[in-house]
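Biologist: Can you take me through the charged pairs in this one? Keep it short.

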Amino acid sequence: MTESAEETTANSTWSRMLAGNRRFTEGKAEHPWQDKETRESLIDTQNPDAVVLGCSDSRVPPEIIFDAGLGDMFTVRTAGQMIDPAVLQSLEYAVTGLHVSLLVVLGHQHCAAVQKGAEELETLITKLQDESQGGTPMTREQLMESLDDVIMSSDSEFLKNAGLSVWQAQMAGLDSSDEYEQVHIARTIEHLVTHSDVIREALAQEKLMIVGARYRLESGLVEVLSF
């Protein structure tokens, strides 16, 4: 079975991005397509190869860590890759309006948004335990029955996004920040697929490939995640 043209393009784009990341980590960045001629050629049009949903963290600018140039990628950044309607519609525009074949969900090591979500989750669990009837600590099953709804009714976007990811990780027996971040990336991808008809249809028609990745601050390397 041969790959579709979109799959071939997406794989080629992702390989090129990872090669750029290797140059970045080795101190051999080329800073391509950042000259005057490239800038002028993009005045009236753009044709990025990929869209990246990443964290707003100042240490994780996609264009730099992938050693990319002007017009190479369409980026959407929020704290902890949190998704709201504006983010979702921006990604959909990249798919339908700019015809990108690759969507990268890029998390990173030591993500403060995930940490904040974990802290707010812990505070919420403590509060629920304190308010439980008769002062008897809630069982795991009781927490599972009530916590999802309580989280989603919260005013905190950190809790509803990253906190829910941490909760799902804990329910799977995971307890490290690395694992929380990886689960959050996986859950972000799941959210995109379940909440966007545009993205889901593009995937079904093999016009789009989604990749989950995590940037390691210690090494500068982007690790590819498999789910």
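Modeller: This is a predicted model, where local features need pLDDT of at least 70, side-chain atom pairs count only at pLDDT 80 or more, and totals for chains, interfaces and linings use all residues. Residues are numbered from 1 along each chain as its sequence is written, and side-chain values use heavy atoms, with hydrogens and water left out.

Biologist: How many salt bridges does a search of the whole structure find?

Modeller: The search finds 13, a salt bridge being a side-chain nitrogen of Lys or Arg within 4 Å of a carboxyl oxygen of Asp or Glu.

Biologist: What does Arg 214 pair with?

Modeller: Glu 181, with the closest N and O atoms 2.8 Å apart. The pair links distant parts of the chain, 33 residues apart: Arg 214 is in strand β4 (residues 209-215) and Glu 181 in helix α8 (residues 177-195). Helices (H or I, at least four residues) and strands (E, at least two) are DSSP runs numbered from the N terminus.

Biologist: Is Arg 214 buried or exposed?

Modeller: Buried, at 0% relative accessible area. Glu 181 is buried too, at 4%. Buried means under 20%, exposed over 50%, partly exposed in between (1.4 Å probe, protein chains only).

Biologist: And which residue does Arg 216 bridge to?

Modeller: Glu 223, the closest N and O atoms being 3.9 Å apart. Shared partners join Asp 178, Glu 181, Arg 214, Arg 216, Glu 218 and Glu 223 into one network of salt bridges.

Biologist: Switching topic, where do Asp 197 and Arg 200 lie?

Modeller: Both are in helix α9 (residues 197-204), three residues apart, about one turn of the helix. Asp 197 is exposed at 54%, and Arg 200 is partly exposed at 33%.
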